[in-house]
Structures are given as structure tokens and as C-alpha cells.
Amino acid sequence: MIALITGASAGIGKACAYKFSENGYDLIVTGRRESKLKELQSELEAKFKNKIKILAFDIQEESQVKAAFTNLSAEWMNIDVLVNNAGLALGREGIDMGSMEDYNTMIDTNIKGLLYVSKAVIPNMKTRKAGHIINLSSTAAKEVYPGGGVYCATKHAVDALTKGMRIDLLSYGIKVSSISPGMVDTEFSKVRFKGNETLAAEVYKGFTPLYAEDVAEVISYVASLPKHVNVNDLVLTCTAQANSFFTHKE
Ligand code: NAP
């Protein structure tokens, strides 16, 4: 069994790489930071003795994504599970105050990047009439919060793409799911606040958030269900969070 996990150099993707390795999968791991992927490869191969293939590319660049898959051997193209995880948020300014560059980066990564990878993987799944695509959505796909308009729009788009994929791939027996977490303590907030550790730490203060491993556990469960069972969308938050607006902080 082969799983392809995008954005495996950190956070939820990295935790998924561990979980899927534990479950006996060989892995294709992607991200821009090749050194982080190489560290992960050594750790996983030493611990689980599975095969790990690294594809380092910027998911925003269609030509880079295409080149990575063109060079992939036929054996590695038989992907059973695709975890479309790579993504990010940038900034918390009001819609008129945020930078267009940040907006483009979120749209190009979270929506277009997911499409580039999916388009590279789906043809083989269709030929084999099997496969499972798991898209990382968010509670940001369910409600829009102040200063999050564009990030929330990209995750609403992920929900729409998940529904569209499920319809279009139905007759091929390909499962399509989305996983929608609330706050998860990863590099996410550090990236959102452009390296400002104080602002990032503030997000997770006063309550126990989800950890990357919690989300990986749920993704692993969704991927483990029998062929005739599909989770369409699974929303999970830490116990202290009710939705995008209500979090109980001590
Ligand atoms: P993270 O720790 O910052 O990890 C993000 C991953 O995405 C990294 O591996 C990063 O790799 C990759 N990535 C970002 N931009 C990329 C690009 N242009 N090209 C290739 N890879 C790129 O964040 P995370 O929390 O694990 O987020 C994973 C997913 O969960 C995202 O889709 C996010 O929207 C979603 N999510 C997160 C939360 C949360 O609270 N953390 C909640 C709901 C949903 P490189 O930097 O090496 O490229």
C-alpha cells in the first residue's frame, strides 16, 4: 500500500507520515523543505523499515508538480491514499488591509496546489478503480471569522472540491473525504504570523488544543474503513473548542 502525503515536512502531514508508516504503508512525502523530508525519511526507514520517496516541490507551481510526477516510476504511481494536506494561512488583517500577495499565496497553495496534485494522481486511481483522497479542510470551511476571510474562502473551496471529486469519481469506486480540524498546535500559527513566536504561542494559551498526532489518528481511522464505507466529512476540535468562535480558555 502506498500513501502520498503532501506537506509532510511539518505538523499534521508529518504526524500522518508516522501513523501511515506504523500502519505498514510505503510513502511519498512532499514539501518544499527537502532537508526536513530527508530527516523524516531516515527516521521512518529506521523505525518502520518501509520505503519512503521524497518529492520536493513548491505546490503553487504547476510545472514543478508536473515534473515531479512525470519522473515518478510506474510502481510509485499506484497510490492508494492521497492526503492533500499542504496548506497555510497568512495574516489576520481585515479583508481590505491584508496583502494581495498573501491572498494569492493562500489561494495558489490551498486550492490550486491541491488541484495540481489531485490531477496528477487521479488518472491512475481511475485505471485501477480504487483509491482514497483525503482533503485537509478546516472548521474555517464551516464558519468565517474576522480577519480570516481569504483563508476561510480557500477552505470553503476545499469543501466544494471534495464534494465535486466525490461526485465525479463515484463510478470509479474512489473514496473522497474531508477532515476538518479546529485549532491544532503545529507550525500553522508561526507561519500565519510570519515567524512571530509570541503571537503564535498566544493562539494556544489557556486550553489544550489538538495536536498533529490527534488529527493523524483520525485520518488513519478514516483511511482504515472497509471499502464500502466512506466518511464524507469529519469535523474535529479539541474539547475546549466548540467552533471557530467559542473556545473555553482558563
Ligand atoms: P504546518 O505545520 O505549517 O505544515 C504545513 C505543511 O504544508 C508543511 O509541511 C509545508 O511544507 C507544506 N506547505 C505549505 N506551503 C507549501 C508549498 N507552497 N509547497 C509545498 N508544501 C507546502 O501546518 P499544519 O497545521 O500541519 O497544516 C496542515 C493542513 O491542515 C493545512 O492544509 C491547514 O490549512 C490545515 N489545518 C490546520 C489547522 C491548524 O490549526 N493547525 C486547522 C485546520 C486545518 P514546506 O514548508 O516544507 O513547504
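1. Two strands are counted as paired here if DSSP finds at least two bridges between them. On that basis, this predicted model has an open sheet of seven strands, whose order is β3-β2-β1-β4-β5-β6-β9 and whose pairing is parallel. The edges are formed by β3 (52–56) and β9 (233–236), each of which pairs on one side only. Between neighbouring strands of this sheet the turn is 15° on average, with direction ignored.

2. Two helices deserve mention for the way they lie across the strands. Helix α2 (residues 34–48) lies across β2 (26–31) and β3, and runs at about 175° to β3. Helix α5 (residues 149–168) lies across β5, β6 and β9, with an angle of about 160° to β6.

3. Which residues are closest to the ligand? They are Ser9, Arg32, Asn85, Tyr151 and Thr186, within a surrounding set of 30 residues. By class, this shell consists of 13 nonpolar, 12 polar and five charged residues. The helices α1 (11–22), α5 and α6 (188–192) each supply at least two residues of the shell, and α5 is also the helix that lies across β5, β6 and β9.

4. A backbone N or O atom of Gly7 is 3.0 Å from a ligand oxygen atom, and a backbone N or O atom of Val184 is 2.8 Å from an oxygen atom of the ligand. In the side chain of Asp58, an N or O atom lies 2.9 Å from a nitrogen atom of the ligand. Taken alone, the ligand exposes 880 Å², of which the protein buries 96%.

Key: Residues numbered from 1 in each chain as written. Predicted model: local features only at pLDDT ≥ 70, side-chain atom pairs only at ≥ 80, totals over all residues. Heavy atoms only, no water. Helix = DSSP H or I, 4+ residues; strand = E, 2+ residues; numbered from the N terminus. Axes fitted to C-alpha atoms, helices over the stretch in contact; angles between N-to-C directions. Contact = heavy atoms within 4.5 Å. Near = heavy atom within 4 Å. Polar contact = N/O pair within 3.5 Å; in protein donor to acceptor, adjacent residues only side chain to side chain. Areas by Shrake-Rupley, 256 points an atom, 1.4 Å probe, with all protein chains shown as cover. Nonpolar A, V, L, I, M, F, W, Y, C, P; charged D, E, K, R; others polar.
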